[in-house]
Amino acid sequence: MQTSGRDASGSDAQASHALGIRARLRLDWPGFRLEVDEQLPARGVTALFGHSGSGKTSLLRCIAGLEHAAEGEIRFNGEVWQDTTTWVPTHQRPIGYVFQEASLFPHLSVLGNLRYGQRRRRGRGAVAADSATGRFSLEQAIELLGIGHLLKRRPAALSGGERQRVGMARALAVSPRLLLMDEPLAALDLKRKLEILPYLERLHDELEIPVLYVSHAPDEVARLADHILIMDAGQVQASGPLNQVLSRLDLPIRLGEDAGVVLDGQVAERDERWHLLRVTCCSAGLWTRDTGAKIGEHVRLRILARDVSITREPSHESSIQNTLPAKILSLGDDSHPALRLVKLEISGSPVLARVTRRSAEQLGLAPEQWVYAQIKAVALL
Amino acid sequence: MQVRPMQVSPMHALRPVLVAFGLMVVGNVSAEEAQIAVAANFTAPMRAIIELFEEDSGHEVKTSYGSTGKLYAQIKNGAPFEALLAADQKRPELLEEEGVGLPGSRFTYAIGTLVLWSADPDKVEDGPALLESGDFNKLSIANPKLAPYGEASIETLEALELKASIEPKLVMGENIAQTYQFVDTGNADIGFVALSQVMQGGEISKGSGWVVPGDMHAPIRQDAVILDSGKDNPAVTELFAYLQGEKAQAIIQDFGYETD
Amino acid sequence: MFLSDTDLEAIALTLRLAGVTTLILFALGTPIAWWLARTRSRWKGPVGAVVALPLVLPPSVLGFYLLVTLGPNGPVGAMTEALGIGLLPFTFWGLVVGSVFYSLPFMVQPVQNAFEAFGERPLEAAATLGASPLDRFFTVALPLALPGFVTAGILSFAHTVGEFGVVLMIGGNIPGLTRVASVQIYDYVEALEYGNAHRLAGVLLVFSFLVLLALYSWRPDRRRA
């Protein structure tokens, strides 16, 4: 089992033009139009992010073949699923789809639900590197999502979280070559969400196939996405590797309440005495609160612009633990005229800092300069 | 409104009122209403008779047409009819016995004639020969349990000694009207219907038929009886008298019935 | 013998008619119900109304039109004659045709409601799992609609048992072929044989009540989380 690794910096360049998902679509409804022309990567998790009504679910459904009124072209790894002369119906597309409310078949047991897809998709593709028969991937899916003890139950006897996990296992059991997930956590309360996110992270680590993940929740996207497509009013506002998009200064759209970046790193050291962890993501690493993560574990860090300040001379008399050399890439406007956003590069990763316009003037900040970034708070996702 | 003081004597003022009253009384001195139940097969002649009767007598007649069995059951259960014109003798007899029918009022108002009829104008030439040849898909008759025309049909077949052989081809209508419908729509090639159903102006108006001689079956005597609730109603008694009079009898015969 | 031989024959005929009619209705009504449940065509309203017509038409009207249409002068009658089938009135199969029309809404409507009740989602899910349209119908739609089918079957059966007006119009009262129990009872009443009427009617009444009792007492667990 290979870990594909979670890569927010977009350095993987293997997405050649023929691979991945080509979606050029138009869908017209009264009062809404979806218009998309994108190439989505062949690996990793691509988040379709936006508020409700932005068209992200419609796009997902179009790719799945559930919207018959859509016009345009859809290709998957070179295979034509839709164009002006062709329409491959949903049941012939090698996809797995996880709906928002699980949508398990009430007249079948959990095992019956799982077998339903498995029976119809033998040898269609591999969930993991092992391209054995469909039966293997069913057991793998059950183990991955921890539902082995639920097999004989009926959907009505499951909790919301359990149902969602069964829904995911069912989608995997068909050995899909593309996994589509429509806000799978939206219908769950916080507790269940936190319960299932680790499973999704495991899926992410262990799947070789691309995943399209629709969500309006910044936390989920921050934890899971490698690529992001930001949508608004039926149009794609921005697309690209996660951090590249997040660190753009020109986008009015924020992931969550405030501008910030998401970095990948690894837990390198634990300081028992001070209950701190050191995570390597940029040069020496960043210190953060000990959340119980294990040494060596791959984690993600969230650094908000408001928690980053800039200084020309590093101070050792400051309460801020993380001070790192950084190069200024560009400056841009922020939401308030008094403020400016500065895009920095720390060990190759973009980080955003928020300063007042006055300080930027006073310090004479300009692109290509080397400064120090003081990072006050780092959230371990 | 100002009230003018009376300038004339009370009698003078009252006179128009009295005249109006008088006219009303004189004009309606015998104007009564009768509620009569009538067998469905007699609908057409009854309508014609009532038209004349109402003109001549000034009375009003309200009728309900239906199958005799149903009318009988309704009368037994308190339906507000004042007289019954049945399709048979059995029911009026029963009513008489049960005390619902007025003794002495019962009489035969019409005698029905059976005809073997087909909607196809070329079908029926020699009735008995046609029946014997079996050259038809179905023979429609009224249900003998329910309608005297049905009984008469069976009797006719027996007289011709064809009952056993024709039995498989029988279809039965619930009443004479339905029997006719089966033949008229062509679903049954031939059927025994009432002559009154196919006769107009003294002859068979469409299709083809063989009038069954009266000696082949017991006469289909249709009796009328006054019911208890109508015994004091002059409209009813006069109607019954009228039915036996010349005008009514002419109409009845015109429609293919015989009278005593 | 509580009931006479002719009565038993009438009952047997009635049950046979109801059974055959119900089976034909399952086959005929299901695709209609499916189409009505899923279509967005502008014909949905008119077709639905035609299906529902027998609910409001007096049976004698339906029967009369059947008599004319199935007869030698009517379009269907001409066709059956041309095909060598002969004429349908006065035959058992003629009654079946009439009963199928008359009980059609009792089959289509419950089944249509059952199909509409579970919405699009289960079928979409089945499609994403690789099920073709026919596959989805048999493995998802039918099982989920099963309670509707049961209701429809029972109602259609019971409704045909009680049918009178249509049979009266096109039956011809032939023993063993078209003399069903309802007609037999009517004849008894007309002939003043009230005792026989009570007995046969009583049997029908008890039977119908038991059938409906079974339907209304059995509540399948419709609650799904």
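This is a predicted model: local features need pLDDT of at least 70, side-chain atom pairs count only at pLDDT 80 or more; totals for chains, interfaces and linings use all residues.
Which residue in E2(B) is the bridge partner of B:Ala34? It is B:Val61.

Residues are numbered from 1 along each chain as its sequence is written, while chains are lettered from A and ligands numbered from 1 in the order in which they are written.

Chain B first. It has 11 helices and 12 strands. Helices (H or I, at least four residues) and strands (E, at least two) are DSSP runs, numbered from the N terminus. Chain B has 260 residues, and 45% of them count as buried. Buried means 20 or more other C-beta atoms within 10 Å of the residue's own; exposed means 12 or fewer, and partly exposed is in between, with C-beta atoms placed from the backbone.

Now strand E1 of chain B, residues 33–39. Six of its seven residues are buried, so E1(B) is largely enclosed by the rest of the structure. What does E1(B) pair with? One partner is E2(B), residues 60–66, in the parallel sense over seven bridges. Another is E3(B), residues 83–85, also parallel, over three bridges. There, B:Ile36 has B:Ala83 as its bridge partner. Strands count as paired if DSSP finds at least two bridges between them.

Between E1(B) and E2(B), look for helix H2(B), residues 43–57: the three make a right-handed β-α-β unit. Right-handed means that, with the strands pointing away from the viewer, the path from the first strand over the helix to the second runs clockwise.

Next, the domains. Chain B is divided into domain 1 (33–111 + 221–254) and domain 2 (114–211). The bounds come from an automatic or database domain assignment. Their C-alpha centres lie 27 Å apart. Nine residues of domain 1 are in contact with nine of domain 2. Contact means C-beta atoms, placed from the backbone, within 7 Å. The domain 1 side divides into four nonpolar, three polar and two charged residues. Nonpolar covers Ala, Val, Leu, Ile, Met, Phe, Trp, Tyr, Cys and Pro; charged is Asp, Glu, Lys and Arg; the others, Gly among them, are polar.

Last, chains A and C. How many residues of chain A are in contact with chain C? The count is 19, against 15 residues of chain C. On the chain A side, strand E6 (95–98) and helix H2 (110–120) are the elements giving two or more residues. That side divides into 11 nonpolar, six polar and two charged residues.

Terms used:
Two residues are in contact if their C-beta atoms, placed from the backbone, lie within 7 Å.
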